Every structure is written in C-alpha cells, then in structure tokens.
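Please read it alongside the sequence and the coordinates.

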Amino acid sequence: MKQANLISALSDRELADIDKEIAHAPYRCAVAIDALKIVQQYRGWVSDESLRALANYLEMSAEELEGIATFYNLIFRKPVGEKVILVCDSVSCWIKDSDKITRQIAEKLGIGLGETTPDGQYTLLPVTCLGACDCAPVLMVGEKLHKNLDGDKIDKLFSAGDSAVVKLGEEP
Amino acid sequence: MTDRPLTRNIGPDRTPTDLAAYELNGGYRGLRKAITAMSPADCLEMVKESNLRGRGGAGFPTGLKWSFVPMGEKAGPGHKYLIANADEMEPGTFKDRLLMECDPHQLIEGMIVAAYTIQADVAYIFLRAEYFDAERQLRAAIAACYEKGYLGDNILGTDYRLDMYVHSSAGRYICGEETALINSLEGKRANPRAKPPFPQVSGLWGRPTIVNNVETLCNIHHIIERGADWFQSLGKGEDSGTKLFGVSGRVKNPGCWELPMGTPVREILEVHAGGMEDGYKLRGFLPGGGSTDFLTEAHLDLPMDYDVIGKAGSRMGTGTMIILDDHTCPVGMVKNLVEFFARESCGFCTPCRDGLPWSAQVLDDIESGNGLPEDMATLQKQARFIGAIGNTHCALAPGAMEPLNSAMKYFREDFERHIEGKHCPYREPENRP
C-alpha cells in the first residue's frame with residue numbers, strides 16, 4: 001500500500017489531535033500511546049489498518065507500535081461494545097464480594113470477562129483497583145464510576161427488558 | 001485545631017476548588033515566595049530540612065532525591081523534567097484521587113515550586129486513564145494558570161518559565177514504577193529501566209528527571225510558605241508533616257483522612273474508620289496497600305511512621321490500610337493479591353513473569369481444596385527467591401511476596417486447614433475461626 005493511502009486511513013480530526021501532541025514531543029513516535037488513544041476515542045478500538053497508518057504517520061514500524069498497543073490493557077485491538085464495563089477485582093472490592101457482583105453481571109449479559117454481547121452493546125472487563133476503595137465494590141461504565149454496589153444495585157443498573165437487549169440505567 | 005494543609009480546601013461534599021477560591025484561601029503564596037524571594041538552592045535546603053519523605057510508598061527523603069539533579073552548567077544543554085506520578089493503582093489506595101479531583105491547584109502549585117527548585121522547564125502529570133474527573137479538573141486548572149501567569153513564560157514577572165502537560169495513561173499498574181513511567185511517557189512499553197543511571201541524572205529522553213508522588217508534591221509549597229520547623233511540628237512521632245491515611249474493608253466508616261504522621265493505627269481504625277462492622281472481628285491488616293506485609297492486632301498501637309512500621313516487619317507504603325476480617329479467607333485474600341501482581345507483571349524478567357503465576361497457581365490449588373502438604377514449602381521457596389531484592393528487575397515481584405510471606409507467618413493454620421480439610425473452611429460460616 002502506498003504511503004498516502006496509509007495516512008488517509010486516519011481522519012482529519014484524528015490527525016489534527018495527533019499533531020497537537022507531536023507539537024510538544026521531541027520526536028514523532030514519542031506520542032505513540034496518545035495517538036493510539038486518539039484513534040480509539042474516535043473508532044472505539046484500533047484496527048490493523050489504523051495501526052499500520054498510525055505507525056507510518058509516527059515514523060515507526062507497525063511491529064513496534066503493535067508491541068506498545070498490546071502492552072496496555074486500555075488499548076483495544078479487537079472491537080469492543082458501545083459501553084465497556086470495567087469491574088474492579090482488586091483486594092478491597094474482593095473483600096466486599098466483587099466476585100459475586102461480577103458473576104451477576106456476567107449472567108445478566110450472558111457473557112464472560114473479556115467478552116462482548118452479540119448485539120455489540122457491552123464488553124465486560126476486569127480492571128485494577130479503581131482508587132475508590134472506601135466505596136467498594138465499584139465498577140466503571142464509560143467515564144462513570146458506580147460505587148457501593150450490591151445485588152439490588154446491579155439489578156437496577158442492568159434492568160432487563162422483555163427483549164434480549166439489556167439496558168444500562170442510571171445509578172440508583 | 002489540628003493543622004491540615006493538604007485537605008484545607010476539601011469539604012465533605014468534595015466540590016472542586018477553582019483558582020479564585022484557591023487564591024482566596026492563600027493559594028499560590030508559597031509559589032510567589034519561592035520564585036520571587038528564594039533561590040532554587042534555598043528551596044532545596046528548606047525541603048531537605050523539612051524531612052519530607054515520599055508519599056508514594058517508598059518513603060525516600062524528597063530533598064535528598066532532588067539533590068542528585070545536576071544544576072546549572074553541570075546539567076548540560078536541554079530540558080529538565082518534573083513528573084507527578086498520578087498513576088494511583090496500588091490495590092487499596094485512594095488518596096491521590098481525592099487530592100486531584102477536589103484541589104487540582106494544590107498539586108499544580110506544588111509542582112511549579114518543585115520544578116523551580118530543580119530548575120525544570122517542562123512538567124508532566126502522569127495520570128491513570130480511569131481518573132476522568134481528575135483529568136478534567138487538572139486540564140482546566142492548568143489552562144487557568146497559563147492565563148494567570150503561573151505557568152508559561154516569565155512566571156510572576158521573573159525569568160523562570162515552565163510548561164505543564166497532562167498525560168492520560170492507557171493502563172497497567174507497572175507504570176507507577178518511576179522508570180517504567182518514564183518509558184511509558186516516551187511512548188514505549190512500560191518496562192522498568194536498569195538503574196543506574198538514575199532518572200535524576202538520565203530520565204525522560206535521557207535528561208535529568210524527578211518523579212514524585214502526587215501527595216508528596218502537594219506538600220512542597222506549604223513547606224516553602226510556612227517553613228521546615230512548622231512542617232516538622234505537624235508530625236506526632238519521628239516523621240514530619242501530615243499524611244492522608246485511609247481504611248478499606250469491613251469497617252463501619254471506610255474513608256480517607258488527613259492526620260498527623262505518627263497517628264497510631266488504632267486511632268485511624270477505631271476513631272476515624274469507626275471500628276469493625278458489627279459481627280466482624282479484625283484479624284490483620286495491610287498497612288499501606290497490596291504490596292505491604294500483614295500486621296495484626298498486636299500492632300494496633302504502633303504509630304504510622306515509616307521506620308516504626310518498617311521495624312514491625314511491614315511497610316507504611318501508601319498509608320491506606322486494607323483490613324482482613326474474620327469472615328474473609330486469608331488464603332483467598334493473598335490469592336487475590338498474587339493474581340493481581342501476576343497479571344500486572346510487565347513480563348520482562350523471569351522470576352516475576354513465570355514465578356508469580358506459579359505462586360498464584362499454588363494458592364489457587366490450596367484455596368480450592370486441591371492443595372498438598374508440600375505446597376507450603378513450595379510457597380516458602382517462591383517467597384524466598386522471588387521476594388529477594390536483586391533477583392528481579394524491579395520491586396513489583398518482591399512487593400507481591402510481602403503479603404504472601406506474612407500471611408504464611410500469621411495465618412499458617414488457615415493454609416493448613418485448607419490443605420488438610422481439602423476445602424476452604426470460610427465457605428461454611430460455622431467453620432470460621
């Protein structure tokens with residue numbers, strides 16, 4: 001593939017955001033992580049095509065960028081659901097029965113950790129301590145932190161309708 | 001009333017403090033004093049005298065750390081960097097979130113004074129990805145500072161200049177290790193670097209770099225404004241200043257409070273956290289996050305001072321305690337912790353990459369009733385080899401062995417009951433101790 005085609009795989013908005021990062025970096029590939037996050041912000045995940053285009057734009061090899069992308073747990077190299085649910089499984093939440101909460105969500109959504117619902121709505125992932133241990137157990141959906149969870153709260157949060165689609169409610 | 005410099009702008013409703021409110025309450029006075037009336041060497045001397053020790057976990061004296069940064073012509077041409085380690089991910093730790101979400105200018109003021117002291121001209125806040133509120137607060141506060149002349153060229157009319165950026169990370173606990181953090185900020189995989197060279201001499205992009213924890217930096221301008229003696233007088237025991245102490249687990253009132261350094265564990269647990277939840281008894285606690293050794297009831301009257309907790313066989317770490325109660329299985333708790341560290345290993349060195357999953361596997365066998373009597377010896381051997389500083393590339397794996405080693409010391413009978421009974425006794429309430 002020609003270089004021009006590779007760069008054109010990134011949108012103008014993505015390129016503009018990446019350029020802002022490059023402006024205060026000593027060399028282009030120094031912004032690799034910021035750039036992966038920018039692409040993911042617009043597309044939800046980082047495809048092979050985006051990764052190759054990005055590597056080319058940052059003047060690094062695709063293999064090196066792949067090594068970086070797969071190191072970080074919040075860079076997604078596979079498509080994820082519209083909403084990514086991050087369930088804290090670290091010690092303070094575990095003491096407060098986070099494993100039961102996780103099982104309950106998994107049953108409701110019909111998926112396991114690391115999986116996405118067939119309708120593409122939700123991806124369920126474990127996450128390291130979210131730094132809200134005084135409100136354990138906790139989880140995050142998108143940018144929102146849900147605290148002091150119990151069975152009832154999870155029921156309300158994931159209130160199933162008559163269809164197979166499970167809707168995410170506001171925190172009760 | 002006790003002096004609480006770090007949380008003076010943080011109310012019970014946790015409303016963020018904006019620039020106007022921050023200044024009204026004495027904000028940016030420390031910066032003004034440092035930058036217009038003191039030399040970098042004066043500032044360094046004062047921070048050294050204050051005996052401030054790093055609040056990220058290691059407790060290294062901050063002034064001493066800074067003193068290794070080459071100054072003037074010795075630094076050679078190019079930038080020097082200050083980095084706030086805001087990658088709060090130690091299990092059970094929830095203090096820096098509070099400081100950044102509720103009082104972002106306090107961190108920024110501390111950072112400007114710290115950067116001035118080491119004559120850095122670029123500063124970064126390395127923030128964990130999930131702290132979206134903190135990111136918004138910090139970005140808005142930095143923009144307000146540029147507008148007001150606290151950042152950028154000619155700060156407060158002097159010839160000092162500083163640029164500040166927020167870097168929102170992409171996950172992984174290992175980024176909290178300072179050299180891994182530097183690699184990540186350079187856009188690389190977050191593998192820790194070999195030391196020496198130390199970051200103070202060769203850090204970010206090969207230039208002199210200081211990495212300090214958020215809470216450490218939040219203290220700096222208070223020390224400059226009010227003096228080293230004042231700061232020393234805040235501590236109850238050997239250590240200076242106040243500290244954000246936290247408690248999580250089965251207690252009545254889990255939370256985070258700014259208290260004098262040297263506050264006894266019992267006071268934090270019983271007065272501030274309200275004691276154990278009804279029906280639960282204390283069996284042990286990790287004094288400062290997931291990578292610290294268990295202590296027990298016998299240690300409740302110890303003051304939370306770095307050296308005292310160290311002598312008792314643990315570490316004060318981040319000062320946020322995790323409580324083990326009598327309904328929670330100690331083997332299960334250690335398994336949770338070791339699985340965490342196994343998952344978060346960067347994979348660079350063998351003892352960590354292969355040793356931690358092995359430990360996790362043995363703990364899983366024991367917890368699920370498939371343990372063998374010789375498993376205890378295996379765990380002990382792992383703890384000895386993986387836990388020894390020098391056998392691994394960084395402190396992650398030795399940190400993982402701290403709760404395991406101490407659990408085998410204090411809760412040995414629990415491990416043995418699992419192995420002999422071939423199941424976890426905590427699954428049936430009547431079999432709990």
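Two strands are taken as paired if DSSP finds at least two bridges between them. On that basis, and bearing in mind that this is a predicted model, chain B contains an open sheet of 4 strands in the order S3-S2-S1-S4, with parallel pairing.

**The sheet of chain B**
- Because strand S3 (163-168) and strand S4 (209-213) of chain B each have a single partner strand, they stand at the edges of the sheet, and one side of each is left without a neighbour there.
- From one strand to the next, the twist averages 20 degrees.
- Strand S1 (residues 81-86) of chain B runs parallel to S4(B) and is joined to S4(B) by 5 bridges, and Asn85(B) stands opposite Asn213(B) in S4(B).

**Helices on the sheet**
- Helix H6 (residues 104-118) of chain B packs on the sheet, where it touches S1, strand S2 (122-127), S3 and S4 of chain B, and its direction makes about 145 degrees with that of S1(B).
- Helix H8 (residues 178-185) of chain B lies across S1, S2, S3 and S4 of chain B, and runs at about 110 degrees to S1(B).

**The contact between chains A and B**
- Chain A gives 31 residues to the contact and chain B gives 39 residues.
- On the side of chain A that touches chain B, the elements giving two or more residues are helix H3 (32-43), helix H5 (62-71) and helix H6 (91-95) of chain A.
- Sorted by class, that side of chain A has 21 nonpolar, 7 polar and 3 charged residues.

Definitions and conventions. Residues numbered from 1 in each chain as written. Chains lettered and ligands numbered in written order. Predicted model: local features only at pLDDT ≥ 70, side-chain atom pairs only at ≥ 80, totals over all residues. Axes fitted to C-alpha atoms, helices over the stretch in contact; angles between N-to-C directions. Contact = placed C-beta atoms within 7 Å. Nonpolar A, V, L, I, M, F, W, Y, C, P; charged D, E, K, R; others polar.
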